[in-house]
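Thanks, everyone. I'll keep this short: two chains, then one residue. Have a look at the model.

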Amino acid sequence: MSLLDLVEVTKRFGALTAVSNVTLKVEEGAIFGIIGPNGAGKSTLFNLLTAIYRFDEGRISVDGTSIAGLTTQRIARLGVARTFQNLRLFGNASALTNVMVGEHLALHSNIIDSLLDTARERRERKEAERRARELLRFVGIAGVDEHFARNLSYGTQRRLEIARALAARPRLLLLDEPAAGLNPSEKQDLLALIRAIRDTGATVLLIEHDMGLVMNLCERIAVLDYGEKIAEGTPSEIREHPRVIEAYLGAPA
Amino acid sequence: MIYAYAFVAIAACVAIERFHNRKAKIAIALALAAFLAVGPRFYGNEAIFSVLADAAVYVMLALGLNIVVGFAGLLDLGYAAFFAIGAYTYGMLASPQFGLHLPFWALLFLAAALAALFGALLGAPTLRLHGDYLAIVTLGFGEIVPQIFQNLTKYTGGPNGIAALDVPTFFGHSFGASVMPYYYIALVGIVLALWISRNLRESRLGRAWMAIREDELAAKHAGIDVLRSKLAAFAIGASFSGIGGVLFAAKLALVSPDLFGFQVSVLIVSMLVLGGMGNIVGVVVGSLILTIVNSALLPQLNSLVDASFHTTVDLSNIHFLIYGAILVGIMLFRPEGLLPNRERRAELRNSGEVEAEA
Amino acid sequence: MHEFLAQLANGVELGAIYALIALGYTLVYGILELINFAHGDVYTFGSFTALVVLVALRAAHFLHGAGLILGIVAALAVAILACALLNAGIERLAYRRLRKAPRLAPLITAIGVSFMLENLIELWQGAAPVPFPNVIPNPELEIGALQVGVQQIVVVALAIATMVALHYFVKRSRLGKAMRAVAQDRDAASLVGIDVDRTIAITFLIAGALAGVAGFVGGVSFGSAWFLNGFGAGLRAFTAAVLGGIGNIAGAMLGGFLIGLLESFSTWFIGGQWSNVAVFSVLILVLVFRPSGLLGESLPEKV
Ligand SMILES: Nc1ncnc2c1ncn2[C@@H]1O[C@H](COP(=O)(O)OP(=O)(O)O)[C@@H](O)[C@H]1O
Ligand SMILES: [Mg+2]
């Protein structure tokens, strides 16, 4: 069974069909890429996966569980975490706290623990803090722990958001244009980071514009255009696919 | 005299806020607690105890509202309703009204529980609302509650309220006519409220509140149950107010519906805004300043002006002007309040909420 | 039947006043997404300025014959002007700096302004209600089974005339179009050359002017003015605006009349002491179940 399974999913905004009849399977442990021109419906697809929007038709299941009707928070419990195309960090909290919020589901202290600062609360806080520091190191931004998220550089913020998503120990990680705005050397680091994330056992679904990065990184790629999936395959198949070349106006992929 | 206590307390709070050394902070806090516990026994009288007790009750209320507004970021403009619920709990169950004379101590807990329950009941349908809509709904609730107390004359004594409330006892010793015991109870209450506030801020729940305040959508993606977390904030905040209500009613030996209007809610919001929303120590300072201004400074200024100019200007009538000016002035010129915490300062200074797209 | 018609007339009269105030909330909310909490107190200020003018004219024995009409027009004009300037002044001094602040900051500021205004009006005119000069003769007219006072007719007619004028202003005039453009998208409006600051200032002027009319007719209708009138009336009017669909001009009028009727009939059936409970229950129910109001469109959530 695939970890993520979309069957004929459609989403309309009024007259506009942002996602049209898309069928997609992502296997456990994969790095799967989604490409397509601006406005193709890629982010909308992510928003359907995390119940920001409800899909109008079709089925989506995560590890066999249908997500129809589930809330964003319930889907997070299924092990889906994401980053946003336009960053959504908790800007006025420290980087460390941002990551600790990401660990929310991994902690078990309840309201009584929180009120009374019980032994469990303290133990979990200590552990959460330790793990958060570890994650900051893992994504390559050790040392920014106490800085406000909003004061960090753009590249660092992108990594911090990945760290926050990883803190939930996701089975499926959705990355929406993680390389946007990064310089070439940062992109190289990101490539290594995403591989390292996959090696920890997570499945990565990635939206990206940088063709080089996508072709290098992904085992399979799906191409969206005007909401429709026009192609799917390995990087070399995609490179040669006539409709893809057409959609990108013959631009060298 | 009263100013000396207020000044020492505020100075100590500022010091606690400015020092970075944890041990120093604790030492100052303990010294302050000891001073406030012992000082008034030697240099004080009933009047001073009375003002101090009121101040202490307001500090508790402000700490409770701080959990809702400061931590969870939900502007509650009807907070006085929970204060009313606490006060009426005591008024109805410890008075000749029904001939019930339940013990004060039990009612402290009952009132906390009832206020929390009503907090949750109000929250459940309304917490989906955002920002100013939520504020207005809570305001509406705050207007409804006292009016219900006023109209259910059979149970609540109507517009006149309930008088001759029981005088509490402590292991068989009656509090008598002295207001001193209320001061000490409220002092203990503050210590507990401070402890709980600190615990919450550092806790899993506290981080969830921060996340909701900063970016509700991102909070949901982290798996936070937004509605439940907000409900928790409402219920916990309300429970502080319920306890404050019991103390207030018992000390006054009276409850009446006009004591819990919108002005009270705004007064407490003003304390938060003045001191610095979200910052525990700042909130304490804000509430101390406003209570002292209200119950000591204005009346004294009033008699001074009257005596020296032979007028009868009623300076105690400018409360609203003062709260209003504080709200406007602080929001315009120092939105983070007098003693902000790090996060709120940045948040309120770096204006321009980003309407980010997912 | 008789009583029913009387309550109906009362409700319409109250509703006309609420509708005028509600328009002020809706105009400002439409353009700034701000609940101008001080708006109710601007209305109170309108009542008192009209009252002061009328009292002065009466003391000068001016209010006879043609002087009466002139006096009424003068009182109305002064109330309109004073409220328009006050409201625009509030915007300039208190709200403009906070346009980009977090949403709650301007609301808290508005509550602060409201408290200051209430207190200042109290210091100016005292804490007790002040009788409003009874300048409009009030013989009862019988129209079938319906008994209405001339005052009621004047109040409702004046309110409706004002609303019609507003409607055409917003729909037809250049300024009205600019207001709608700024309400839709401030940045886009400024790109096409609309002076956003000026348009917002004018919106406050108009909202204030409407509060001035409401203040005058409210004074006539209730026969008194009180420094705290604006709090209750303001909240009812805001409820009306929300009920009709905030930001929607026709909605504010509809909501105003509905809330007026609700108040008058709830007073009749369950007693005036429950009217706050009735009105605020409506507010809570509408906000919870249909936050877009009766005539508002539900906006898709921005993500
Ligand atoms: N909330 C919305 N309401 C209406 N249209 C939307 C909404 N969100 C996205 N769209 C439209 O859907 C289409 C796909 O957008 P998106 O998924 O963001 O594209 P991209 O592939 O660049 O991420 C675009 O035309 C966009 O304008
Ligand atoms: Mg996108």
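Start with charge in chain C. There are 17 positive and 16 negative charges, and their mean positions sit 12 Å apart. This is a predicted model, so keep that in mind throughout.

How do the charges look in chain B? That chain carries 21 positive and 21 negative side chains. The centres of those two sets are 10 Å apart.

Now the surface. Chain C exposes about 12,600 Å². Carbon and sulfur atoms supply 66% of that area. For chain B, the accessible surface is about 13,800 Å², with 67% belonging to carbon and sulfur atoms.

Next, the fold elements. Chain C has 11 helices and 4 strands. Is chain C compact or extended for its length? Its radius of gyration is 19 Å, close to the 19 Å that the globule rule gives for 303 residues, so chain C is as compact as a globular protein of that length. Along the principal axes, the C-alpha atoms of chain C fill a box of roughly 55 × 45 × 40 Å.

Chain B has 15 helices and 4 strands. The radius of gyration of chain B is 20 Å, close to the 21 Å from the globule rule for 358 residues, so chain B too is as compact as a globular protein of that length. Its C-alpha box, again along the principal axes, is roughly 60 × 45 × 45 Å.

On to burial and contacts. In chain C, 55% of the 303 residues count as buried. In chain B, buried residues make up 60% of the 358.

For chain B, among contacts between residues at least 6 apart, 75% join residues at least 24 apart.

Last, one residue. Please zoom in on C:Thr239. It lies in helix α9 of chain C, residues 229-244. Why does C:Thr239 count as buried? Because its relative accessibility is 1%, and the cut-off for buried is under 20%.

Where does the side chain of C:Thr239 reach? It comes to the backbone oxygen of C:Leu235, at 2.7 Å.

And which residues does C:Thr239 touch beyond its sequence neighbours? Leaving aside those within four places, it is in contact with C:Ile259, C:Val279, C:Val282 and C:Leu283.

So, to recap that site: C:Thr239 is buried at 1% relative accessibility, and its side chain reaches the backbone oxygen of C:Leu235. That's all from me.

Terms used
Residues numbered from 1 in each chain as written. Chains lettered and ligands numbered in written order. Predicted model: local features only at pLDDT ≥ 70, side-chain atom pairs only at ≥ 80, totals over all residues. Heavy atoms only, no water. Helix = DSSP H or I, 4+ residues; strand = E, 2+ residues; numbered from the N terminus. Buried < 20%, exposed > 50% of the residue type's maximum accessible area, 1.4 Å probe, protein only. Polar contact = N/O pair within 3.5 Å; in protein donor to acceptor, adjacent residues only side chain to side chain. Contact = heavy atoms within 4.5 Å. Rg over C-alpha atoms; globule rule 2.2 N^0.38 Å. Areas by Shrake-Rupley, 256 points an atom, 1.4 Å probe, with all protein chains shown as cover. Lys, Arg positive; Asp, Glu negative; His and termini not counted. Charge placed at Lys NZ, Arg CZ, Asp CG, Glu CD.
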